[in-house]
Amino acid sequence: MDHLAALLDGPRARGAFLLRSVLNPPWSLRVQDEAPLTLVAMVRGGAWVVPDDGDPVRVAPGDVAVMRGPDPYVVADDPATPPQIVIHPGQRCTTLAGEDLYQEMELGIRSWGNDPHGGTVMITGTYQMEGEVGRRLLEALPTTLVRPGGPMISLLGAEVVKDEPGQDAVLDRLLDLLLIATLRSYLATHEAPAWYRAQSDPVVGKAMRMLHNNPAHPWTVATLAEAVGVSRASLARRFTELVGEPPMAFLADWRLALAADLLREPGATVGSVARKVGYGSSFALSAAFKRVRGVSPQEHRAGAGW
């Protein structure tokens, strides 16, 4: 597993919110749902994303916009169109005065809007929970980015209106694929963070893959250096220069990120998670988790809603 694949494993859709919107101008939606990550795929027509503290960004037909939460923003037919509708946490949709609108604007299976024949068709996919593994990736992204979506948009558009067995799982995976393709395209064409560039280094990239693939191994700088065929001092210096932190600090962060995600899984215990991520006991994991994240594993788990 390379570093990008490992990080993309974090924001994985599990029962993600997906909605097809069909709209005729003028329309404007103020989104304040606090979601950690949202995709808007333009099937037909165009839109503008207007952050509260940034410049408007155009989303053309065939584009995908990725918005990193939790800050609010507006999606509209034109930056000058005042908001008419507010999207709240839990995807509750109201007027500016707080009156519920969802049933009034429902247009069928996962479809919603002000006109069933509207000139604008967009699909919104919202990740409801932030994955700890993906946090390093998300923090490297701008608040809003727009990239060409390719054929995935048409496929998602065809599937989102179906009501068949297992359809939620199908939509989750399609949303993941669209996200991966969009982020990979962005990182390939923009100034990538240090950890992304380091993957191409024959020594450091190999060491990173080893840490990702086997976090439970009792790694030291010496054993990692031996595994990649360089001296301990050489690996430590090269890894720190390219990634921005020493190998063992990188591993500790990776282990705790994995633990944070695994603790959200139903049936997980602190002890079982500790063994999976390389801590000798639940006490050792609890101490490290509390020291770095400021809460105990149990408190983190409770905060995730389990």
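Let me start with the open sheet: seven strands in the order β10-β11-β1-β12-β3-β6-β13, with mixed pairing. Strands here are DSSP runs of E of at least two residues, helices are runs of H or I of at least four, and both are numbered from the N terminus. Two strands count as paired if DSSP finds at least two bridges between them. The edges are β10, residues 106-108, and β13, residues 144-148, each of which pairs on one side only. From one strand to the next the twist averages 25°, with axes fitted as lines to C-alpha atoms, for helices over the stretch in contact, and angles between N-to-C directions running from 0 to 180 degrees.

A word on the source. This is a predicted model, in which local features need pLDDT of at least 70 and side-chain atom pairs count only at pLDDT 80 or more, while totals for chains, interfaces and linings use all residues. Residues are numbered from 1 along each chain as its sequence is written, and side-chain values use heavy atoms, with hydrogens and water left out.

Now β3, residues 37-44. Six of its eight residues are buried, that is, under 20% relative accessible area, with exposed over 50% and partly exposed in between, using a 1.4 Å probe and protein chains only. β3 runs antiparallel to β12, residues 120-127, over seven bridges, with L37 opposite Y127. β3 also pairs antiparallel with β6, residues 63-68, over five bridges, and there L39 faces V66.

L39 brings us to the cores. A nonpolar core is a set of buried Ala, Val, Leu, Ile, Met, Phe, Trp, Tyr and Cys residues joined through side-chain atoms within 4.5 Å. The largest has 42 residues, and L39, M208, L235, F239 and V243 touch the most other members. α5 gives the most to this core, eight residues. Setting aside neighbours within four places in sequence, L235 contacts V203, A207, V221, L224, A225, V228 and V230. A second, separate core has 21 residues, including L19, V40, Y73 and W112.

Last, H190, in the loop between α5 and α6. H190 counts as partly exposed because its relative accessibility is 37%.

Note on methods: Contact = heavy atoms within 4.5 Å.
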